[in-house]
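Colleague: Before I use these coordinates, I would like to go through them with you.

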Amino acid sequence: IADETLECITEHERILQEIESTDTACVGPTLRSIYDDQPNAHKRFMEKLDARIRNHDREIEKMCNFHHQGFVDAITELLKVRADAEKLMVREITGCVNSCIVKKRKLQQVFWDYW
């Protein structure tokens with residue numbers, strides 16, 4: 001019985017790998033093989049599948065935790081760049097307005113000097 005259990009576990013592992021690496025349109029025959037197997041094979045396969053899902057969830061969580069600080073840092077830097085860009089725009093607009101005011105005054109002076 002131990003050899004059958006080990007063989008079943010190995011078969012389940014093979015099926016899981018096949019499901020993960022196969023196009024979804026071809027998964028049907030793979031899944032049918034679970035039901036064609038030994039009694040309670042479906043239950044054991046579902047336990048193995050649940051364990052695989054938990055492992056993947058842990059890996060996803062690790063990757064998210066690993067990259068989270070970098071994401072936060074990038075957003076913080078982006079907000080600083082945006083604030084700096086807004087300051088530059090205000091400075092540029094102020095410079096243009098001041099230049100226009102100076103030109104307007106010169107034109108007014110020329111006009112009043114002429115009359």
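Some questions and answers on this model follow.

Modeller: This is a predicted model, in which local features need pLDDT of at least 70, side-chain atom pairs count only at pLDDT 80 or more, and totals for chains, interfaces and linings use all residues. Residues are numbered from 1 along each chain as its sequence is written, and side-chain values use heavy atoms, with hydrogens and water left out.

Colleague: Which element has the lowest mean pLDDT?

Modeller: pLDDT is the predictor's confidence in each residue, from 0 to 100. The protein averages 83, and 79% of the residues score at least 70. Where pLDDT is low, the predicted coordinates should not be read in detail. Helix α3 has the highest mean, 90, and the lowest, 68, belongs to helix α2 (residues 27-35).

Colleague: How many helices are there in the secondary structure?

Modeller: Helices (H or I, at least four residues) and strands (E, at least two) are DSSP runs, numbered from the N terminus. The elements run α-α-α from that end. There are zero strands, and the helices come to three.

Colleague: At which residue does α3 bend?

Modeller: A bend is the angle between axes fitted to the seven residues ending at a residue and the seven starting there. In α3 the angle is about 35°, and the residue is His67.

Colleague: Which residue forms a salt bridge with Glu59?

Modeller: A salt bridge needs a side-chain nitrogen of Lys or Arg within 4 Å of a carboxyl oxygen of Asp or Glu, and the structure holds one. Both partners lie in helix α3, three residues apart, about one turn of the helix. The closest N and O atoms are 3.6 Å apart, and the partner of Glu59 is Lys62.

Colleague: Is Glu59 buried or partly exposed?

Modeller: Buried means under 20% relative accessible area, exposed over 50%, and partly exposed in between (1.4 Å probe, protein chains only). The relative accessible area of Glu59 is 42%, so Glu59 is partly exposed.
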